[in-house]
Structure formats: structure tokens, C-alpha cells
Amino acid sequence: MKKTLLVGMALLSSIICFAQKGTYHFQDTQARLLDVMTNAYVKPLTVELQVLANKHREWTIELTNKEVEQMNGELNNIRSFAIYSISKKEDCDVIVAATINVKSKDDGTGFLINVVGYPANFINWKTATQEDYEWIRMEKTQTTSELDKIKAVVKNKN
């Protein structure tokens, strides 16, 4: 009798636990407010490039079909990966005047990426001067259609 009563009590308490409903409370308030905007200004830096080779260099990177699939087959990703790999191999910051040729292998097992360019490193980082601001401003405001309007300055001797 005690066992039956004990089992019945346990069963009843477990049913009561399952029957309890969880409550969810939510409140949202919106008021008028004046947004305060904050801006950060960074002084521009200028840098020089130190080209590490007197003559252009040539590299070939091989990629499997699976590697190209991981890059979604996008040509920009393939090119970027080639430049990244070469920069890492050459221990340089950039490949100057890079020309890139992407070609599938004849047997269809992957791709060959041929890159020609000059490895270079950034040197002499410095805060831009007033003189630098002028050419930075000119570059930012200039559009491609304006390039044909630029003429060389010629001084007439009097």
C-alpha cells in the first residue's frame, strides 16, 4: 500500500511538473531622442615601395579543382590567392605591376596560375604632410573622364 501510494505521488508530481506552463515576459519602449553622432578622424599615412628585384620575376601556382571549388570558382579569389601565395613565399608586401594568366591544366585536374611582376616591400611609413594632402585630394576628386583633360604644364621663356 505504501509503495503504491509512493509511486502514485511520484507520478502525480511528475505530471504536475510537465503541466506547468512557462511564462515569457516582454516589454519594448521607444521614446524620442536626439542621436549623437561621433566621428573618428585618422591622419593618413604615406609609404614608399622598395622594389626587391631589378628585373620582373615569374611564378607559377598550381591549384586543384577542389581548391578552386573552395574559392567558388571566382577569378578574383583565384588571383588573390596566387598573389598571397607568392607574397608569402617571397616574404614581401606586394607584387608590383603584376600580370596574371589563369589556365586550366590539359588533363582537367586543376589550374595553373602564372604571375609576372616585381616583389616589393613598404618602407618609410610616415604621417602625410601638407604636400601629400594635395596629391591625395587630387586623386580622390579626379575621375577617369577628367584624365584626358590634364595637360602638361609648359613654361614659355620670355
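# Close-up views of a predicted model

**View 1. Glutamate 62 and lysine 105 form a salt bridge through their side chains, with N and O 2.9 Å apart.** A salt bridge is a side-chain nitrogen of Lys or Arg within 4 Å of a carboxyl oxygen of Asp or Glu. The pair links distant parts of the chain, 43 residues apart: glutamate 62 is in strand β2, and lysine 105 is in the loop between β3 and β4. Helices (DSSP H or I, at least four residues) and strands (DSSP E, at least two) are runs numbered from the N terminus. Glutamate 62 is exposed at 54% relative accessibility, whereas lysine 105 is partly exposed at 23%. Buried stands for under 20% relative accessible area, exposed for over 50% and partly exposed for values in between, computed with a 1.4 Å probe on protein chains only. The model is predicted: local features need pLDDT of at least 70 and side-chain atom pairs count only at pLDDT 80 or more, while totals for chains, interfaces and linings use all residues. Residues are numbered from 1 along each chain as its sequence is written, and side-chain values use heavy atoms, with hydrogens and water left out.

**View 2. Glutamate 90 forms a salt bridge with arginine 57.** The closest N and O atoms of the two residues are 2.9 Å apart. Because glutamate 90 lies in helix α3 and arginine 57 in strand β2, this pair ties together parts that are 33 residues apart in sequence. Arginine 57 has a relative accessible area of 32% and is partly exposed. Over the whole structure, the search finds four salt bridges.

**View 3. Aspartate 132 is a buried residue of helix α4.** The helix covers residues 130-141, and the relative accessibility of aspartate 132 is 9%. A salt bridge joins aspartate 132 to lysine 126, with 3.8 Å between the closest N and O atoms. Lysine 126 is partly exposed, at a relative accessible area of 40%. The side chain of aspartate 132 also reaches the backbone nitrogen of threonine 129 at 2.9 Å. A polar contact is a pair of N or O atoms within 3.5 Å; within protein, one must be able to donate a hydrogen and the other to accept it, and residues adjacent in sequence count only if both atoms are side-chain atoms. Leaving out residues up to four places away in sequence, aspartate 132 touches Thr46 and Lys126, where contact means heavy atoms within 4.5 Å.

**View 4. Asparagine 121 is a buried residue of strand β4.** Its relative accessibility is 17%. The side chain of asparagine 121 has a polar atom 2.9 Å from the backbone nitrogen of aspartate 93. The C-alpha atoms of asparagine 121 and leucine 49 are separated by 5.6 Å, although the two residues are 72 residues apart along the chain. Not counting residues up to four places away in sequence, asparagine 121 touches Glu48, Leu49, Gln50, Leu52, Asp91, Cys92 and Asp93.

**View 5. The largest nonpolar core has 12 residues, including Trp59, Ile86, Ile95, Ile113 and Val115.** A nonpolar core is a set of buried Ala, Val, Leu, Ile, Met, Phe, Trp, Tyr and Cys residues joined through side-chain atoms within 4.5 Å. At least two residues of this core come from each of β2 (57-64), α3 and β4 (110-127). Among the residues that tryptophan 59 touches, not counting those up to four places away in sequence, are Lys89, Glu90, Asn114, Gly117 and Pro119.

**View 6. Strand β3 (residues 94-104) and β4 pair in the antiparallel sense over nine bridges.** Two strands pair if DSSP finds at least two bridges between them. Leucine 112 in β4 is the bridge partner of lysine 103. The hairpin of β3 and β4 has five residues between the strands, and there glycine 108 takes a positive phi near 80 degrees.

**View 7. The count comes to two aromatic pairs.** The ring centres of phenylalanine 81 and tyrosine 84 are 6.3 Å apart and the planes are at 40 degrees, so this pair is tilted. Rings of Phe, Tyr and Trp (its six-membered ring) pair if their centres lie within 6.5 Å; planes under 30 degrees apart count as stacked, over 60 as edge-to-face and the rest as tilted. Both residues, phenylalanine 81 and tyrosine 84, lie in helix α3 (residues 75-90), three residues apart, about one turn of the helix. Phenylalanine 81 is partly exposed at 31%, and tyrosine 84 is partly exposed at 48%. For phenylalanine 122 and tryptophan 125, the ring centres are 5.7 Å apart and the planes are at 65 degrees, so that pair is edge-to-face. Phenylalanine 122 is partly exposed at 34% relative accessibility, whereas tryptophan 125 is exposed at 53%.
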